[in-house]
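Please look over the sequence and the structure shown below.

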Amino acid sequence: MDKNFLWGGATASYQCEGAWDIDDKQPSMWDCYLHENNLENGDVASDYYHRYEEDIRMMAEGGQNTYRFSLSWPRIIKDKEGTVNLKGIDFYHRILDTCKKYGIEPFVTIYHWDLPQYWELEGGWLNKETCYAFEQFAKVCFEHFGDKVSYWTTFNEPKWFIVNGYFIGNYPPGLQDVQKTMYGAYHVMYASALAVRAFRVGNYQGEIGIVHSYTPVNGVDNTIETKIAMRYADNYCNNWILDTAALGEFPIDLIARLSEKYDVSFMKAEDLAVIKNYTVDFIGLNYYARTLVKPYTEGETQLVFNHSGKKGQSKVIIKDWFEQVKDPNSEYTAWDTEIYPKGLQDGLIEAWERYELPIFVTENGVGVREDVTVDCVQDDYRIEFMNDHINAIMNAMDKGVDIRGYYAWASFDLYSWKNGVEKRYGLVAVDFGNEQIRKPKASYYWFKEMIESNAKIIKRRKFEKE
Ligand code: BGP
């Protein structure tokens with residue numbers, strides 16, 4: 001493991017690459033879903049496919065020493081038979097070589113949601129065949145890029161794409177079905193363990209983890225009812241990913257509860273043995289906000305997601321389990337995301353106590369509408385946000401948590417899924433309407449200075465310990 005703390009930014013293939021049908025890339029489920037529903041899409045996105053050199057150079061010039069990005073499965077594998085697309089392989093070699101040229105440590109996500117449509121047509125994550133296809137895809141990645149990559153993660157945010165795709169219905173394939181959510185969740189966690197197994201068997205260099213959309217759970221009070229609601233929420237939000245990937249076991253009380261109403265016979269002993277035997281080396285935590293809950297009171301399950309950027313629309317009530325509430329003392333973004341840095345500090349400590357694995361903060365950032373026609377976007381709110389969250393990380397490190405890196409979401413402006421491009425996260429502004437011109441924001445310069453000073457602080461701390 002590299003001794004130096006990693007400071008950088010993150011992106012995902014679908015959100016930045018564009019070039020959606022170039023060089024034999026096949027359509028992903030997101031291409032098809034957005035095209036069919038006539039929604040804003042990532043056909044061009046940040047045109048990173050053609051501009052990656054400039055983007056990676058700017059990372060290095062911004063003092064960053066690492067970059068987290070994902071590999072597009074439909075760019076690398078052409079069909080269900082597993083035919084490798086060498087043009088796709090070449091593209092990622094160019095990325096990795098550019099990282100090397102600029103002294104940037106690559107941190108590679110194997111799957112960030114862009115399932116090939118040819119697998120979606122077979123049922124996608126509802127079909128166990130997809131798990132084995134993912135395993136093959138992971139092997140292709142290890143074989144081709146293994147010499148150039150030391151940090152791998154299997155999946156980005158299983159909770160987010162499974163719950164949104166099969167339970168809430170706001171992401172492809174747009175279903176609202178608990179039983180199917182359970183199949184999808186199970187298959188993804190099984191597929192992750194299969195990839196870890198392939199990594200171990202192949203004896204590749206480096207380490208492998210998983211990235212989770214971490215929302216540590218708080219309760220509105222200390223009553224027993226609230227504690228029970230918190231456990232339900234934690235199982236729903238966090239435990240089925242982290243317990244399973246890190247400890248090798250699905251939370252038993254979650255499975256018991258689900259089995260009262262749903263079929264769990266698809267959970268096979270031989271799959272569970274793979275999950276138990278092939279746990280991760282580290283966990284990646286994406287942190288945007290916590291989940292604040294109260295006990296369930298009445299009514300049907302309600303899951304409303306705010307993609308409009310008009311405040312006050314989101315709602316999460318899971319019948320008989322818990323209700324998510326807002327903290328009247330907190331600030332919220334236009335997309336209803338609470339700004340709560342303390343949640344990161346508490347969550348890091350909790351995750352460390354539970355799993356005792358090294359942690360990377362693999363995403364952290366704030367999405368805002370911004371005018372990027374100016375010379376330099378003065379994003380003080382982003383600076384404050386990052387400053388407070390990095391402080392939270394430092395505090396957790398002071399309490400002994402083994403944290404090894406921080407990735408701002410995002411390295412540069414990109415396509416924000418159902419929110420389009422108006423919800424901006426980048427350290428670098430991208431003027432999508434004006435030849436994709438790149439201009440660093442104030443936060444980019446701030447981050448550079450922060451890295452310089454904190455790199456010194458972290459080195460000193462290490463020195464003092466030794
Ligand atoms: C995470 C995803 C990213 C990114 C980010 C911001 O869940 O890993 O892909 O999009 O959240 O979310 P959004 O773009 O929906 O605001």
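The model is predicted, and the values below are computed from it. In Glu157, a side-chain N or O atom is 2.4 Å from an oxygen atom of the ligand. For Tyr425 the corresponding distance, again to a ligand oxygen atom, is 2.5 Å. Glu363 also places a polar side-chain atom 2.9 Å from an oxygen atom of the ligand. The ligand taken alone exposes 370 Å², and 94% of that is buried by the protein.

Next come the helices. Helix 10 covers residues 224-247, which is 24 residues. A straight helix at 1.5 Å a residue would reach 34 Å, but the end C-alpha atoms of helix 10 are only 27 Å apart.

After helix 3 comes Gly63, where phi is positive and near 80°.

The cysteines can be taken together. How many disulfides does a search of the whole structure find? The count is zero. For Cys16, the closest cysteine sulfur belongs to Cys99 and is 12 Å away, so the two are too far apart for a bond. Cys16 is buried, at a relative accessible area of 1%. The sulfur of Cys131 has its closest cysteine sulfur in Cys141, at 16 Å, which is also too far for a bond. Cys131 is buried too, with a relative accessible area of 0%.

The remaining stops are in loops. Thr11 sits in the loop between strand 1 (6-10) and helix 1 (13-16). Is Thr11 buried or exposed? With a relative accessibility of 1%, Thr11 counts as buried. Its side chain makes a polar contact of 2.7 Å with the side chain of Tyr67.

Two peptide bonds are cis. One runs from Pro172 to Pro173, with omega near 10°, and Pro173 is in the loop between helix 8 (158-168) and helix 9 (178-202). Another joins Trp409 and Ala410, with omega of about 10°. Ala410 belongs to the loop between strand 15 (403-409) and strand 16 (428-431).

That loop between strand 15 and strand 16 also holds Trp417. Trp417 is not a glycine, yet its phi is positive, at about 45°. The relative accessible area of Trp417 is 6%, and the residue is buried. Asp320 is also a residue other than glycine with a positive phi, near 70°. Asp320 is found in the loop between strand 10 (315-318) and strand 11 (322-324). With a relative accessible area of 41%, Asp320 is partly exposed, whereas Trp417 is buried.

Key. Residues numbered from 1 in each chain as written. Heavy atoms only, no water. Helix = DSSP H or I, 4+ residues; strand = E, 2+ residues; numbered from the N terminus. Expected span 1.5 Å × (residues − 1). Disulfide = S-S within 2.5 Å. Buried < 20%, exposed > 50% of the residue type's maximum accessible area, 1.4 Å probe, protein only. Polar contact = N/O pair within 3.5 Å; in protein donor to acceptor, adjacent residues only side chain to side chain. Areas by Shrake-Rupley, 256 points an atom, 1.4 Å probe, with all protein chains shown as cover.
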